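I opened this model to look up its fold, its core and the surroundings of its ligand. My entries follow in the order in which I made them.

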Amino acid sequence: MSTINALAQGLIRRADRLSTADVRAKAEKIWRASLRLDELVETILSYTRATSGGIVLNPSEFNPEDLIRRVCREQIGQEPDRPFRLQMRGLPDIVIGDPVLLEQAIVIVLSNAMKYSRPDQAIAVTARKRASMVRIVVQDHGIGITERDLPFIMQPFFRGQNAKKVPGTGLGLSLAWYILKLHGGDLEVESLESRGTKVTLIVPETNTTGLSYSI
Ligand SMILES: Nc1ncnc2c1ncn2[C@@H]1O[C@H](COP(=O)(O)OP(=O)(O)O)[C@@H](O)[C@H]1O
Ligand SMILES: [Mg+2]
């Protein structure tokens, strides 16, 4: 918020002395800061809603390939130059779950991969079915997570020591974990510092707990 405030004030004060290119550059910074703010508010609200018992699964049948492809297109589309590979094999035509919440979980994991690696570092998403579970793996080659931090990264508000120069709340993975647990699935994270991170979202094809899983 303070970034937006300062940039906007600068624009107002110096608008008549700035070139069109300067105005555009500042407007772009304001836009990016507002996206971050939006993400922050959205994450805090979603997390609060989830953990205060306010998340109710709204299950429906959906096609997992369509959902994964769309989320990847929307997220990676923000960085068109990033090397990106999407591979899906043997997925069921239909999964029963909450597509809105599952989309949110994938967005969290994919945006982490983008946020914690350079824009020229490749990201790969693969999705497969194994033992009636759809496993969506998001692999990046970014800053990774230290061995010391790894056990804590799903705790609310926890942020890795090497991640602090990038803005964030520390709530994303906690929320994603919660969403997958509500589905009777799971979230797994493997990482090597300075090498990269692999996050697996495990989604049951049909929820055997009758979508009333409680944690
Ligand atoms: N792809 C990733 N690469 C490196 N570190 C990651 C990645 N995803 C998550 N992390 C680490 O886990 C922490 C918690 O992630 P998250 O809950 O999404 O919060 P935030 O991104 O807001 O910090 C991050 O602060 C970071 O240290
Ligand atoms: Mg995050």
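I began with I106, which touches I68, V71, I136 and L201 when residues up to four places away in sequence are not counted. I take two residues as touching, or in contact, if their C-beta atoms, placed from the backbone, lie within 7 Å.

Conventions, before going on. This is a predicted model, in which local features need pLDDT of at least 70 and side-chain atom pairs count only at pLDDT 80 or more, while totals for chains, interfaces and linings use all residues. Residues are numbered from 1 along each chain as its sequence is written, and chains are lettered from A and ligands numbered from 1 in the order in which they are written.

Next I looked up the core. The largest nonpolar core has 38 residues, and A105, I106, V109, I136, A176, I179 and L201 have the most contacts inside it. Such a core is a set of buried Ala, Val, Leu, Ile, Met, Phe, Trp, Tyr and Cys residues joined through C-beta atoms within 7 Å. Buried means 20 or more other C-beta atoms within 10 Å of the residue's own, exposed 12 or fewer, and partly exposed in between, with C-beta atoms placed from the backbone. At least two residues of this core come from each of α3 (64–76), α4, β4 (123–130), β5 (133–140), α5 and β7. The largest share, nine residues, is from α4. Helices (H or I, at least four residues) and strands (E, at least two) are DSSP runs, numbered from the N terminus.

I then checked A105, which lies in helix α4. Is A105 buried or exposed? A105 is buried, because 27 other C-beta atoms lie within 10 Å. Its contacts, leaving aside neighbours within four places in sequence, are A176, I179, L180 and L201.

I turned to α5. Ten of its eleven residues are buried, so I note the helix as mostly covered. Among the buried ones are W177, Y178, I179 and L180. The cover over them includes α2 (20–54), α4, β6 (186–192) and β7 (196–204). After α5 comes G184, with a positive phi near 80°.

Which residues come nearest to ligand 1? I found Y116, G160, A163, G168 and G172, out of 22 residues around the ligand; a residue is near if its C-beta atom, placed from the backbone, lies within 6 Å. The elements giving two or more residues to this shell are α4 (99–115) and α5 (172–182). By class I list ten nonpolar, ten polar and two charged residues in the shell. Ala, Val, Leu, Ile, Met, Phe, Trp, Tyr, Cys and Pro count as nonpolar, Asp, Glu, Lys and Arg as charged, and the others, Gly among them, as polar.

Last, the whole chain. I count five helices and seven strands, in the order α-α-β-α-β-β-α-β-β-α-β-β from the N terminus. The C-alpha atoms fill a box of roughly 65 × 35 × 35 Å along the principal axes. Of the 215 residues, 27% count as buried. Among contacts with a separation of 6 or more, 68% join residues 24 or more positions apart.

The chain is divided into domain 1 (2–53) and domain 2 (60–204), with bounds from an automatic or database domain assignment. Their C-alpha centres lie 25 Å apart. The contact takes seven residues from domain 1 and nine from domain 2.
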